[in-house]
Amino acid sequence: MATPSGHAGAPPPPGQQQEEAQQGRSQTPQPDMPQASLPARPGTASAASTSEAAQVALGVKPTAASQTQQRRMLTTPKARSGASQSRGPMSAIAYRMLAFELVRICDAQNDLGKLEMLGFGIGHRFVERFTRTHAKFTNTLEVVKFLCKDLWLAMFGKQVDKLQTNHKGVFVLHDNKCAWVSSVDIDYSDEESLEQAKKFLIAPCGLIRGALSNLGIKCTVRAEFSTLPMCFFNIQINEEML
Amino acid sequence: MSRNQRLGESCYNDLEKINAELFTLTYGALVAQLVRDMEDVDKVNAKLDEMGHNIGLRLIDELLAKSGIARCGSFRETADVVSKVGFKMFLNTVPNVDNWNERGTECTLVFDDNPLEDFVALPSSCAGLKYSNVLCGVLRGALESVHLAVACEIVSDALKGDPKTEIRMSLKHVIEDEAGEDYRED
């Protein structure tokens, strides 16, 4: 895969300067795109070429958030009690078990499309409350960065580790420790385990699609992984309604 | 703060976290899907219980591994661990344990705050739905793994107008260690 060239000095997007932390690396060669990938949704473009992908600096702070900080980030107001009380985050392991049951149900009905739709609904509804007081978004890049930083932080307590784009409507999100699959351990040489593992990433794809759709962007999302729990979400923008 | 309370807090703090609303939305999506798929509400209740059972069988391993809790001497102690450690570390909520019977084999877990039920309203067509039935299954599965056969039932449901959601937990019997034929010593 061709290395992106001439992007080491790419100017940061306007308004982001103050947040930018140097990630302290020279342009690293792109890893070979991982072999295992979910089938593309019908009618979508073929695999995105990231040979021209530019590194979009997210201003990710390298230090890990402390526990109290993390808990504050994930806190949401409680539904029934007064707004002064907030609900702290819940354990991810219990969530993964719940998600696994979801996969199991859809799998039993041989309907993985349903799983994606469920993810869509969840993402859509989450964004609904979360962006209630947020200012209007002006462009797609802003929306995707919001997804990678604020949304991901609110949902999983961490930001997306790397965002790449080819500025032509394709974004790739790198998550080094995807919360949905961080307790999955499979035999990578076994075809069947790989197939099973892919199913765990269907709902998160739907979640991203749902979140973006509520922010005015129609897209197609695919997930790929080479070594879990690191995975890549490939977002192909189909339509913007900003 | 009692020892179990402290243990629950520290286990909760150590675990990887996820947004509670995401959890609630996911559970809601799951229940809604089940209701759409199986029109019979009783089947949905049974399915939720079964799912909970599967989850409980695995969740207990997490609890034992992370908390390092020792064997409980009585069902009262078990109930205390379940509410202060188990529910705390996984759902960040501590139900009150109440209404013990004389023999100490039955109690009620009273949820002041059930995170699964946030933002949920049941339509009239789902009057018989036990929304939080998955919790009953989890309790049943988890305790089965530690050789306690319990029966759990939702006796009060905040989504149906009751003040709080309550689960009645009764110990039926202790499951004997049944090793297979090959393992028995003659």
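These legends describe close-up views of a predicted two-chain model, chains A and B. Local features need pLDDT of at least 70, side-chain atom pairs count only at pLDDT 80 or more, and totals for chains, interfaces and linings use all residues. Residues are numbered from 1 along each chain as its sequence is written, chains are lettered from A in the order in which they are written, and side-chain values use heavy atoms, with hydrogens and water left out.

**View 1. The largest nonpolar core, with 112 residues.** A nonpolar core here is a set of buried Ala, Val, Leu, Ile, Met, Phe, Trp, Tyr and Cys residues joined through side-chain atoms within 4.5 Å. Buried means under 20% relative accessible area, exposed over 50%, and partly exposed in between (1.4 Å probe, protein chains only). A:Leu173, A:Phe233, A:Ile235 and B:Met169 touch the most other members. Helix α2 of chain A (residues 92-108) gives the largest share of this core, eleven residues. Helices (H or I, at least four residues) and strands (E, at least two) are DSSP runs, numbered from the N terminus. In soluble globular proteins, nonpolar side chains tend to be buried together.

**View 2. The surroundings of A:Phe233.** Contact means heavy atoms within 4.5 Å. Residues up to four places away in sequence are not counted. The partners of A:Phe233 include A:Trp152, A:Phe171, A:Val172 and A:Leu173. A:Leu201, A:Pro204, A:Cys205 and A:Ile208 are also among them.

**View 3. The interface of chain B and chain A.** Here 40 residues of chain B are in contact with 40 residues of chain A. The two chains bury about 4,000 Å² between them, 61% of it on carbon and sulfur atoms. Buried area is the accessible area (1.4 Å probe) that two parts lose on being put together, summed over both. Twelve residue pairs, both at pLDDT 80 or more, are in polar contact across the interface. A polar contact is a pair of N or O atoms within 3.5 Å; within protein, one must be able to donate a hydrogen and the other to accept it, and residues adjacent in sequence count only if both atoms are side-chain atoms. On the side of chain B that touches chain A, α1 (3-14), β1 (17-18), α2 (20-37), α3 (41-67) and α4 (75-91) of chain B each supply at least two residues. The largest share, 13 residues, comes from α2(B). This side divides into 21 nonpolar, eight polar and eleven charged residues. Ala, Val, Leu, Ile, Met, Phe, Trp, Tyr, Cys and Pro count as nonpolar, Asp, Glu, Lys and Arg as charged, and the others, Gly among them, as polar.

**View 4. Salt bridges between chain B and chain A.** A salt bridge is a side-chain nitrogen of Lys or Arg within 4 Å of a carboxyl oxygen of Asp or Glu. The count between the two chains is five. Over all chains it comes to 19. A:Lys114 forms one with B:Asp37, the closest N and O atoms being 3.1 Å apart. A:Arg96, A:Lys177 and B:Glu16 are linked in a network of salt bridges.

View 5. A:Lys199 and A:Asp107 meet at 3.0 Å, N to O. A:Lys199 is buried, at 14% relative accessible area. A:Asp107 is partly exposed, at 22%. A:Lys198 and A:Glu195 also form a salt bridge, at 3.0 Å. A:Lys198 is buried at 12%, whereas A:Glu195 is partly exposed at 38%.

**View 6. A:Glu224 in strand β8 of chain A.** The strand covers residues 217-225. A:Glu224 is buried, at 7% relative accessibility.

**View 7. B:Leu91 in helix α4 of chain B.** B:Leu91 is buried, with a relative accessible area of 8%. Leaving aside neighbours within four places in sequence, B:Leu91 is in contact with A:Met90, B:Phe23, B:Pro115 and B:Leu135. B:Leu25 is 66 residues away from B:Leu91 in sequence and 14 Å away in space, C-alpha to C-alpha.
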